[in-house]
Amino acid sequence: MDAGESRKRAVTVATLAKMKASGAKIACLTAYDFTFATVTDAAGMDVILVGDSLGMTMQGCDTTLPVTMEDMIYHARCVAAARPAALLMVDMPFMSHATVEDALRNGARLMKEGSAQMIKLEGGRGQAEAVSRLNGAGIPVCAHLGLQPQSVHKMGGYRVQGRETSEADTMVADARALADAGADIILLECVPAVLAARVTREVAVPVIGIGAGADTDGQILVLQDVLGITPGRTPRFSHDFMAEADTIQGAVEAYVAAVREGRFPSAQHSF
Ligand code: KIV
């Protein structure tokens, strides 16, 4: 029996909460189209993210900033066509949640037109009101903290966030504020492993990491990094699972197994 066959039921926010409570690791991966969504889901993934990283992986842009709502809806529909058992999370693109009204309107579009089951938005406690209103409207939310690629020009590059004590304390407070506002999960990108472990302990909702060490409730990577086909330099926190696999399906299954068994990430992938 492979990993996909072992799961019969659709993953929901309740499933993810139970996984945190039981200590079962949550495996998440990006996908942007029907074929790879099918492969990813068959591997037994818990969450598929239609990330705005599609600006780079699908469109060849330097950043995620040019990605539009129409782009997100188009790719979300392509992934949703695979009818995954994995929970389908879709990114709110740059400036689509600049105001609470924008967040509600565009969050609803991702749910209605893109078949999203959860939306993800970047930003700290300044997003708490939007998260609260989305929550009230029945829209599950993932709050993305740490390195926020939509703010790359403000952050001065793709850098590890939260190394200073004051920044770390701010991140913990942000995570708490967003969870209190109703965020269903928190995503931490490029933060020291010690800080990610602290956030994971201090909030009740599941915490998913990318470049955030081994002690979060789950892991997420970009599909192209897992398959070793990202042009140029790959980030330190990723791993090429294709190097040890015979097929794409095998590589994605190896990633799921490594996350579930706590073999990925190791110290070499962490900060
Ligand atoms: O857009 C994306 O793919 C993401 C992941 C890097 C978490 O936000």
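## A tour of the cavity, the pocket and the ligand

The largest cavity has a volume of about 30 Å³. This is a predicted model, where local features need pLDDT of at least 70, side-chain atom pairs count only at pLDDT 80 or more, and totals for chains, interfaces and linings use all residues. Residues are numbered from 1 along each chain as its sequence is written, and side-chain values use heavy atoms, with hydrogens and water left out.

**Stop 1: the cavity.** Select K25, A214, Q219, V259, G262, F264 and P265; these residues line the largest cavity. On a 1 Å grid over the protein atoms alone, a cavity is a set of points where a 1.4 Å probe fits but cannot get out, and lining residues have an atom within 4 Å of a point. Volume is the space filled by probe spheres set on the points, which are joined across faces, edges and corners. The whole structure has 1 cavity of 30 Å³ or more. Colour its lining by class: 4 residues are nonpolar, 2 polar and 1 charged. Here Ala, Val, Leu, Ile, Met, Phe, Trp, Tyr, Cys and Pro count as nonpolar, Asp, Glu, Lys and Arg as charged, and the others, Gly among them, as polar.

**Stop 2: the cis bond.** Stay on two of the lining residues, F264 and P265. The peptide bond from F264 to P265 is cis, with omega near 0°. P265 is in the segment after α11 (248–260).

Stop 3: Move to the largest pocket, which holds about 880 Å³ of space. Its lining counts 34 residues, and M56, E189, D225, P235 and F237 are the closest to its centre. A pocket is an open set of grid points with protein on both sides within 12 Å along at least five of seven lines. Show α3 (54–57), β4 (118–122), β6 (185–189) and α10 (223–226): each supplies at least two lining residues. Helices (H or I, at least four residues) and strands (E, at least two) are DSSP runs, numbered from the N terminus. The lining has 16 nonpolar, 9 polar and 9 charged residues.

**Stop 4: the ligand.** Where does the ligand sit? The ligand is in the largest pocket, meaning that more than half of its atoms lie within 2 Å of the pocket's grid points. Select its shell (a heavy atom within 4 Å): T30, L49, G51, D52, S53, D91, K120, H144, L187, E189 and I210. By class, the shell has 3 nonpolar, 4 polar and 4 charged residues.

Now check the distances to ligand oxygen atoms. A polar side-chain atom of K120 is 2.7 Å from one. For D52, the distance is 3.1 Å. For D91, a side-chain N or O atom is also 3.1 Å from a ligand oxygen.

**Stop 5: a backbone detail.** Finish at S115, in the loop between α5 (100–114) and β4. S115 is not a glycine, yet has a positive phi of about 60°.

Technical notes. Polar contact = N/O pair within 3.5 Å; in protein donor to acceptor, adjacent residues only side chain to side chain.
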